[in-house]
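Work through these exercises with the sequence and the model side by side. Try each task before reading its solution.

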Amino acid sequence: MLQSNEKIIKHKVGLLNLAEELGNMSKACQIMGLSRDTFYRYRDAVEDGGVEALLERPRRSPNLKNRVDIETENAVVAYAVEYPAHGQVRVSNELRKLGVFVSASGVRSTWMRHDLANFKTRLKALEAKVRRRRHHPHRGPSPGAGKEEAGRGWAWGEIETAHPGYLGSQDTFYVGTLKGVGRIYQQTYIDTYAKTAQAKLYKTKTPITAADMLNDKVLPFHEQHDLPVLRILTDRGTEYCGRADRHDYQLFLAINDIDHTRTKVKSPQTNGICERFHKTILQEFYQVVFRRKIYETIEQLQIDLDQWIDYYNNERTHQGKICEGRTPMQTQLDGKEIWKEKFVDQT
């Protein structure tokens with residue numbers, strides 16, 4: 001160790017001496033293959049603490065007493081692989097429900113030790129786990145990054161919403177291309193107050209599919225919970241806009257006495273609630289399930305999508321301004337009481 005330290009000091013002092021002899025610090029750095037920042041660091045160290053300051057200081061060994069126990073560590077790693085899109089705070093909260101108590105910083109430290117510190121590395125860990133299980137690579141579709149049109153951001157819009165059912169937001173999400181099936185589109189509906197979500201998959205994006213989504217998923221859900229759908233916000237896509245007397249979606253809204261609001265021209269952020277949900281479902285559902293399973297039909301994918309939507313509505317806490325850590329369904333139930341007090345009981 002002593003001989004190694006002497007070599008290190010000679011090398012560093014050599015740079016300082018060479019610069020002094022040449023009278024040119026830049027030339028000395030070029031000859032030694034070091035940067036000027038390194039030269040200044042060596043020079044300042046000698047000025048402050050003498051030649052001994054150039055010694056390599058060994059890193060402190062970690063205090064193992066501060067680490068979580070092995071059972072907790074294994075639980076954090078297993079959860080990270082199973083739910084790679086969840087952040088450290090959500091992981092801490094979800095594990096607490098299972099009786100595993102670890103702080104968000106403890107989750108982060110465990111990730112760092114197992115090379116799981118970011119979303120991509122956790123996805124790779126999931127892929128490796130699935131490959132070991134299947135013994136052959138994934139051949140599923142590559143999920144899209146949102147709508148086909150470029151330039152769509154994940155911005156939240158300022159939307160006025162008074163209670164569940166007051167305003168819904170509907171949008172089309174391009175999922176990807178499924179081998180043997182073709183392109184897949186998702187019709188998405190979000191209640192802007194409670195953030196409850198509905199989603200259905202189609203092979204095309206047309207007025208018929210947009211209307212079918214409302215008829216098959218949205219209106220039955222609201223009828224089940226005795227809530228009206230008063231107004232729907234969409235962008236200006238052809239599946240949502242057209243002549244009222246010839247357009248299937250427009251006709252459906254008219255028949256069901258639902259008002260239609262369109263986003264402003266060149267302002268897609270006003271439908272930001274759907275856009276933000278699309279980012280969530282891409283990361284937490286599609287990018288995960290396409291690494292776990294090979295889908296041969298759109299119906300198979302719809303089954304798993306329905307299960308995830310149920311989890312999203314009933315179990316996954318939402319950090320939005322209205323939900324404030326509650327699940328969307330709990331927010332809807334609380335909001336329904338507000339709606340009854342303000343709008344029903346007074347009539």
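**Exercise 1. Find which residues sit on the face of α2 turned away from its buried side.**

Step 1. Locate helix α2, residues 25-32. Helices are DSSP runs of H or I with at least four residues, strands are runs of E with at least two, and both are numbered from the N terminus.

Step 2. Pick out the buried residues: Met-25, Ala-28 and Cys-29. Buried means under 20% relative accessible area, exposed means over 50%, and partly exposed lies in between (1.4 Å probe, protein chains only).

Step 3. Look down the axis. The buried residues of α2 fall within an arc of 100°, so they line one face of the helix. The arc is taken from the directions that run from the helix axis to the C-beta atoms. An α-helix has 3.6 residues a turn, so residues three or four places apart point the same way.

Step 4. Turn to the opposite face. Gln-30 and Ile-31 are there, and they are exposed.

A note on the source: this is a predicted model, in which local features need pLDDT of at least 70 and side-chain atom pairs count only at pLDDT 80 or more, while totals for chains, interfaces and linings use all residues. Residues are numbered from 1 along each chain as its sequence is written, and side-chain values use heavy atoms, with hydrogens and water left out.

**Exercise 2. Describe helix α9 and what its buried residues pack against.**

Step 1. Helix α9 covers residues 248-255, and its buried residues are Tyr-249, Gln-250, Phe-252 and Leu-253. These cover an arc of only 160° around the axis, which puts them on the same side of α9.

Step 2. Find their partners. The buried residues of α9 pack against β1 (168-178), α8 (207-224), β4 (231-234) and β5 (259-262). A contact means heavy atoms within 4.5 Å.

Step 3. Check the other face. Ala-254 and Ile-255 are the exposed residues on the face turned away from the buried side of α9.

Step 4. Read on past the helix. Asp-257 follows α9 and has a positive phi, near 55°.

**Exercise 3. Are Lys-195 and Glu-324 buried or exposed?**

Step 1. Lys-195 lies in the loop between β2 (182-191) and β3 (197-202). Its phi is positive, about 70°, although Lys-195 is not a glycine.

Step 2. Lys-195 has 6% relative accessibility and counts as buried.

Step 3. Glu-324 is in the loop between α11 and α12 (328-344). Glu-324 has a positive phi near 50° and is a residue other than glycine.

Step 4. Glu-324 has 63% relative accessibility and counts as exposed.

**Exercise 4. Classify two ring pairs by the angle between their planes.**

Step 1. Set the rule. Rings of Phe, Tyr and Trp (its six-membered ring) pair if their centres lie within 6.5 Å; planes under 30 degrees apart are stacked, over 60 edge-to-face, and the rest tilted. The count by this rule is 12 aromatic pairs.

Step 2. Take Phe-39 and Tyr-40. Their ring centres are 5.7 Å apart and their planes stand at 70°, so the pair is edge-to-face. Phe-39 is buried at 9% relative accessibility, whereas Tyr-40 is partly exposed at 33%.

Step 3. Take Phe-285 and Trp-308. Their ring centres are 6.0 Å apart and their planes stand at 45°, so this pair is tilted. Phe-285 belongs to helix α10 and Trp-308 to helix α11, and the pair links distant parts of the chain, 23 residues apart. Both Phe-285 and Trp-308 are buried.

Step 4. Extend the view. Ring pairs join Phe-285 and Trp-308 into a cluster with Phe-173, Phe-277, Tyr-286, Phe-290, Tyr-295 and Tyr-312.
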